[in-house]
Amino acid sequence: MHKFAVTLKNVAYGSLSIILFLIFWQAVVVTGVVPAAVIPTPTRVAVALCTAILSGSLLQQTLQSLTNISIGFLLSTAIALPVGFLIGTFYKRFEKVLMPFMRMCEKLNPFALFPVFMIFFGIGSLEKVAVVWWVAQWPLVFNTIDGIRGIDYFLIKTARSMGASRLTLFFKVILPSTVPGIFTGIKMSAQLSFFMIIASEMIGASSGLGWLYLSSSAMYNVPLMYAIIIFITILAIIINVLFTRLERHFLVWKQSAFRTN
Amino acid sequence: MKNFLTALNDQASAFYLIILLFILWEIAPRVGWVNPNFLPPFSQVIAAAGQLTIYQIILDTAVSLKRILIGFSAAILIAVPLGFILAGAMPKVSRFLNSLMMFLAQIPPFILFPVFVVVFGVGEGGIYTVILWSAVWPILFTTMTGVGQIDPLLIKCARSMGADTIDIFLKVVIPGAFPSIMTGLRSGMTMCFMMLIGAETLGADSGLGWLISNAQKMGLVPRIYLAALLVAVVGLAINYLFEWLENEIIIWKEQAPEL
């Protein structure tokens, strides 16, 4: 009960600055310091947000975006994790050759590659999935390899000297040691994928949150624009919090995770 | 002799795959593995540079670099002092503002671009603001973290040896926070370079991002690849520059003891 009260107090204290900011925003627009056509009042933005939610269009587009992200993200985990494992454990020789190439791919500006993806995949769901896959792939592979690199060989030797079979070795020693590193990669990739899909939908699409945003800006529906911005930000925060919670759940045995969180 | 060749091989092995890929890029469309309309051969992409004129390429690259330079420098000038003040002199204020800053920092900068265009005008205003916004947050947060993780013992030592506040700031706080700030600078630069290209794609009439989107609209496929390649090269160059700077300047950083 006491912990709940403390959490409530922290939440209240934290939201104080946001609430003050909202009041400041409202005051600035109402008094006319900033023209209402350029920056609408928070109340109008809230009204626009509710209208969009109630009409169903917002949720429909969100579902579309989230579907595309999920498919792309799952695809990239399905490829990146095994590849990372293989490179990290058995094919270390390939690591030296593959790493610079993969590092280059990671640093490549995804925005510059959008037209290339659009050439190959059009502007439909397939292209979105491809973009998300590309963007999520590289951090995942690197973090998997890093996670494997951090395995303590003494643990493996100890397990083997106690008679562990290869399967036991994999599931009880190697996998738990690498999960922290992998999860860092997963968290980073998730945020990056969300960011990229919104951008990709703004540049070339006919559905999804980014497209809704762009079309509302084309219609000069400024309150709806702001409403979507806030909605997307809240989604991003939710994804962040979700993955941090997941990370904490999985990384119970890793001390450094507590320290960074 | 053998040692020399082995060392050379070690160094060059990083590039084998890349060279192989370029060779593949040249061969695959010609042989017909890939539709040459979708993926023109590498030589054709380079030839498009001649058609585009080197002058135009240099102009666009220069415009993009100018935007990033000005935007990024402005971000440093705003974020670093602000970070020092907030973390050092006003910790209570910074804790109060923390949730608001976290919320604002989470807004994808790309989303804000149309808003910035509406507020600051089409063209340069919106682009500079996006670059500024996307670079300020990482730099601000890492500066605050950097100041926060300075060993208070060092400050006490300096004070007990009679250093005044300015000395402590210049000789303890700045070097102590610098590695963290450098990390922030690097990630800020990555963010704002990404945003630059994105913003130029959406609403500009010069620069590398505009080059890509213009080529796409005109359907000049080789030029699209050329521009993408240019962006990649510039991005890599900036990245290596920052890594080099980090290694050169931070000579006092102790290696963290292995945990």
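Predicted model: local features only at pLDDT ≥ 70, side-chain atom pairs only at ≥ 80, totals over all residues.

Reader: What makes up the secondary structure of chain A?

Author: Chain A has eleven helices and zero strands. Helices (H or I, at least four residues) and strands (E, at least two) are DSSP runs, numbered from the N terminus. For chain B the count is ten helices and zero strands.

Reader: Why is chain A called more spread out than a compact globule?

Author: The radius of gyration is taken over C-alpha atoms, and the globule rule is 2.2 Å times the number of residues to the power 0.38. For 261 residues that rule gives 18 Å, and chain A has 23 Å, well over it, so chain A is more spread out than a compact globule. The C-alpha trace of chain A spans about 75 × 60 × 30 Å along its principal axes.

Reader: Why is α9(B) called roughly antiparallel to α10(B)?

Author: Helix α9 (residues 208–218) and helix α10 (residues 221–249) of chain B pack at an angle of about 160°, with their axes 8 Å apart. Axes are lines fitted to C-alpha atoms, for helices over the stretch in contact, and angles run from 0 to 180 degrees between N-to-C directions. Angles under 35 degrees count as roughly parallel, over 145 as roughly antiparallel, 65 to 115 as roughly perpendicular and the rest as oblique. The pair is therefore roughly antiparallel.

Reader: Which residues make the contact of α9(B) with α10(B), and how do they divide by class?

Author: Residues in contact have C-beta atoms, placed from the backbone, within 7 Å. Among them are Leu208(B), Leu211(B) and Ile212(B) of α9(B), and Arg223(B), Ile224(B) and Val234(B) of α10(B). The contact has ten nonpolar residues, one polar and one charged. Ala, Val, Leu, Ile, Met, Phe, Trp, Tyr, Cys and Pro count as nonpolar, Asp, Glu, Lys and Arg as charged, and the others, Gly among them, as polar.

Reader: What makes α3(B) and α8(B) oblique to each other?

Author: Helix α3 (residues 54–89) and helix α8 (residues 165–203) of chain B pack at an angle of about 140°, with their axes 10 Å apart. That angle falls in the remaining class, and α3(B) and α8(B) are therefore oblique. The contact includes Arg67(B) and Phe72(B) of α3(B), and Met189(B) and Glu200(B) of α8(B). Its residues divide into ten nonpolar, four polar and two charged.

Reader: How is chain A divided into domains?

Author: Domain 1 covers 1–39 and domain 2 covers 40–260, with bounds from an automatic or database domain assignment. Their centres, taken over C-alpha atoms, are separated by 30 Å. Domain 1 of chain A gives eight residues to the contact and domain 2 of chain A gives five.

Reader: How many residues of chain A are in contact with chain B?

Author: 35 residues of chain A are in contact with 38 residues of chain B. The chain A side has 27 nonpolar, six polar and two charged residues.

Methods:
Residues numbered from 1 in each chain as written. Chains lettered and ligands numbered in written order. Contact = placed C-beta atoms within 7 Å.
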